[in-house]
Amino acid sequence: MTTRSDHRRRRVGNAARYVVLGGLAMIMLAPVYLNAVNAVLPIKYRFAYPPPLIPHEPQLDGFRIAITQGSVLRYMVNSFVVSSLITVGQVVTSCLAAYAFTFLRFPGRKTLFWVIVASAVVPFEAVILGNYRTIVWLHWLDSYPALTVPFLASGAGVFLLTRAFRLVPRELIGAAQIDGCGHTAVLRNVVMPVARPTIAALAVLSFLGAWSQYLWPKLVINETSRRTVQMGIAQLSNGELNSFSVLSAGAILLSLPLLIILIMFQRQLVRGLTAGLVDR
Amino acid sequence: MSVAGDDVSLIVPRRGDRLVAAVFVLPALVGVTVFVLFPFVSSTRLAFFRVDRFGHIGRYVGWANVTRVLRLPELRTSLAATAKFVLLVTPASLVLGLALAVAAYRPLRGIALFRVVFSSTIATAGALSAALFVVLLAPTTGAVRYALQSIGLLGPNETINLLSDNRWAIVAVATVTVWSGLGLSFILFSAALQGVPEVLYESAALDGCNGWTMFRYITVPMIRPMIGFATIAFTLNAVLIFGQIDLLTKGGPGHRTDVLAYALYHASFRDGDQAKGAVYSVVLLVVCLLLGVIQMRFLRRRHDDDSL
């Protein structure tokens, strides 16, 4: 039974929650907000102190210069293409290998599984020197393959998906086989749909990982037209365009693609990670 | 539990299965062989040779490079900086992310908006977060200077450049990294909290448990697998930190933020000393392996081995 005082208590409780959540949100957004103000600050207020909280005479030169001279749109497209290719590559190669390790009998199964999974514990930075030499040897410097090909397979992906695939009810697979499905069809129509949350989690983590890559692109790419978001922001901060408002505008613009993806897929993301990553 | 089990009996074995297996395993196997295992061998090998500035391999020198690099005081500085960075970043990322997830757990009108805000720093992945803080940390015009003056830690006419301060540079970079990692930490823990069955809280409430008791004895044990995953992910990220360092401090002042990955890069590609870079690569790998082993021991659930 709810009484009036219950209602009031709940309303007070909710108000308190709004205050707490609002405070936390403000702390988290403060850096972005201050940069947004800085991005629209006219050049004559460049040395304004204390830093203004509300933009006086806002103007969009920072954004304009970041787009026209800083080629941030180009960086976004490059990062998007590169990250997507890496994500698709990791999902496909991991699904195929995990299927074979889970459902097929073949000589060397355990050994090969451990060889692939062991590679997951080697951080890319620890083999970056060797990979750089390989890319030089292949004459791949300054090319898209240099940005993508080294990351198309993932030991962690194979490990994650093998754990997920073994939970697929064998009866489903047997039934599909009796219906005449070959292995590719079983993988596509039975195994992948059942393991979808884990595959989604893998895809999210691959994409994020690829998007945040900094050192590797810095080493293998020089050409502006092939630079990614992370290199783009480094270039802006090295002051080639020499203005804080361009740097702020650039950082905000370059954060937008992931933010939009996040807003679009927020719910699926949380659900995918719940079911996919740690539960079994 | 075994990964594949040996119960493949419900799969009808067919002729050609071996060929299919070979075709399915090959892409992943080739990928990790060419871009993980081979470069590991080829870069480790460099440690035992003379290597000139252009990367040409000269004569075999045995353990000379290795002993030379292991004796360098800057290697110890790098290890210390890395350890300090991990200790500053990992616990804070996990605790704050979990706190945000708990704060945004129960439904409320408009909670979706707060959830987007709390996840939003994920969009500033890597060096983007550092770029945002370049402006805030500006010695004379930055918001950080103003904040420090407002609370009286800095005199009215003093300027402050945290990024070139011996003591505070690494704390500043760590703070930036924690902030940018909060989004992912929040998302991971929100996902984990959703997986805790509501009934557990209801029955605990009937037994008169308070919020903290429920958190301690229901939430934490139930989300333990995610705590484990997040600990490993955030620790590794912190060990391998590079982008923020390159944008904010370039390893300075005086090697105070010269973490392993940065020192490795500097030796290999700036100083043109690939042999030194190779030794650093091995050190980095050993550090990651040790951390992996330690964390596995601490976080492992009972009855949970992943042998094939």
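How many residues of domain 1 of chain A are in contact with domain 2 of chain A? In this predicted model, local features need pLDDT of at least 70 and side-chain atom pairs count only at pLDDT 80 or more, while totals for chains, interfaces and linings use all residues. Residues are numbered from 1 along each chain as its sequence is written, chains are lettered from A and ligands numbered from 1 in the order in which they are written, and side-chain values use heavy atoms, with hydrogens and water left out.

Let's start with chain A. Its domain assignment gives domain 1 (4-59) and domain 2 (74-278), with bounds that come from an automatic or database assignment. The two centres, taken over C-alpha atoms, are 35 Å apart. As for the opening question, 6 residues of domain 1 are in contact with 5 residues of domain 2, where contact means heavy atoms within 4.5 Å. About 520 Å² is buried between these domains, with carbon and sulfur atoms giving 55%; buried area is the accessible area (1.4 Å probe) that two parts lose on being put together, summed over both. Asn38(A), Ala39(A) and Arg46(A) supply 63% of what domain 1 buries against domain 2, more than any other three residues.

Now for the two chains. The contact takes 110 residues from chain B and 105 residues from chain A, and the area buried between them is about 9,300 Å², 74% of it from carbon and sulfur atoms. The count here is 1 salt bridge, that is, a side-chain nitrogen of Lys or Arg within 4 Å of a carboxyl oxygen of Asp or Glu. Lys218(A) and Asp246(B) meet in a salt bridge at 2.9 Å, N to O. On the chain B side, helix H1 (residues 17-46) gives the most, with 21 residues; helices are DSSP runs (H or I, at least four residues), numbered from the N terminus.

Finally, the core. A nonpolar core is a set of buried (under 20% relative accessible area, 1.4 Å probe, protein chains only) Ala, Val, Leu, Ile, Met, Phe, Trp, Tyr and Cys residues joined through side-chain atoms within 4.5 Å. The largest one has 181 residues, and among those touching the most other members are Tyr99(A), Phe165(A) and Phe118(B). Helix H7 (residues 169-194) of chain B gives the most to this core, with 16 residues. Both domains of chain A give residues to this core, so it lies between them. Leaving aside residues up to four places away in sequence, Phe165(A) touches residues including Cys95(A), Tyr99(A), Leu187(A) and Val191(A).

Definitions and conventions: Buried means under 20% relative accessible area, exposed over 50%, partly exposed in between (1.4 Å probe, protein chains only). Helices (H or I, at least four residues) and strands (E, at least two) are DSSP runs, numbered from the N terminus.
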